[in-house]
Amino acid sequence: MTALTESHWLSQFERFLSAERQLSPYTVRNYLSELLRVGELLPDVSRWEEIHYQQLQGVLAKLHRQGLSPRSLSLSLSAQKQFFTFLLREGVIHSNPAKQLSAPKQAKPLPKNLDTDSVSHLLDIEVTDAITARDKAMMELFYSSGLRLAELAALDLQDMDLKQAQVRVLGKGSKERLLPVGSIAVNAINVWLSYRRQLPCQEPALFVTGKGQRLSHRGIQARLAYWGQQQVINGRVHPHKLRHSFATHMLESSGDLRAVQELLGHANLATTQIYTSLDFQHLAKVYDSAHPHAKKDKQRD
């Protein structure tokens, strides 16, 4: 036990929580447990009133590195803030070192990707009209080239070079990149274009509604969700799930992290610096040898 964990102020705080705040014994026990943990991580501090903000933030960072869950970190943060507010009220301290305290940022979990069998099932759509042809082409392009929703929605006819199997996209920060398109996606887009020519299109958008207007972000999301339900895919199907599936399957097949991140168009500065030497020919070579749909078509040849 340290001087902090043996402090009578913890007992006073316990009585305050139980009698005045009327918190449950379970909550009181958890708060005290978290404060004891903080005290044990500050063995060189003898009194709570000596603690400053940097020390408390350091404790939270240490707990984060130890793998404490976001929920537990939040509990520790709450316990510290309430305890030092109590000490301020009692006149023990003149300023609250925990007032501006914040938990370390938690990494956002990556969305779950679809396995290759699920993707194949999702894309196994029978084209019967313009809408099914369009939806199949959109999903094939999402998965083929790892596009973002905004990138696909902004595509115009001139951005597609089907003879060269390439698509030019405008990514984040208005950065252009040229991406390879798998032969299966090329075929699907060609089928869609044959239907598109029959629609009353007044603009150059690659993907349009039945009335010839550019398909909106929300419209694209709705169509993917629809096909996820129709094809009985586990979990909601959305553009980023196909983009993440593209990245995962490419990385699993090629092991070339640099090429995959270049294809994705990540804006991270360190990533950009690493991949500036990669040219399109190298990316296309990695793509042709690794992407499931590119390989599948070659096997047929």
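Q: What share of the 301 residues of the protein counts as buried?
A: This is a predicted model, in which local features need pLDDT of at least 70, side-chain atom pairs count only at pLDDT 80 or more, and totals for chains, interfaces and linings use all residues. Residues are numbered from 1 along each chain as its sequence is written, and side-chain values use heavy atoms, with hydrogens and water left out. Buried means under 20% relative accessible area, exposed over 50%, and partly exposed in between (1.4 Å probe, protein chains only). Of the 301 residues, the buried share is 46%.

Q: Is Glu 34 buried or exposed?
A: Glu 34 sits in helix 2, residues 25–40; helices (H or I, at least four residues) and strands (E, at least two) are DSSP runs, numbered from the N terminus. Its relative accessibility is 6%, so Glu 34 counts as buried.

Q: Which residues does Glu 34 touch, not counting residues up to four places away in sequence?
A: Contact means heavy atoms within 4.5 Å. With that sequence limit, Glu 34 touches Ser 72, Leu 75, Ser 76 and Ala 79.

Q: Within what arc do the buried residues of helix 9 fall?
A: The buried residues of helix 9 are Ile 220, Leu 224, Ala 225, Trp 227 and Gly 228. They line one face of the helix because, seen down its axis (by the directions from the axis to the C-beta atoms), they fall within an arc of 165 degrees.

Q: Which residues are exposed on the other side of helix 9?
A: Helix 9 covers residues 217–230. On its other side, the exposed residues are Arg 218 and Gln 229.

Key: Expected span 1.5 Å × (residues − 1).
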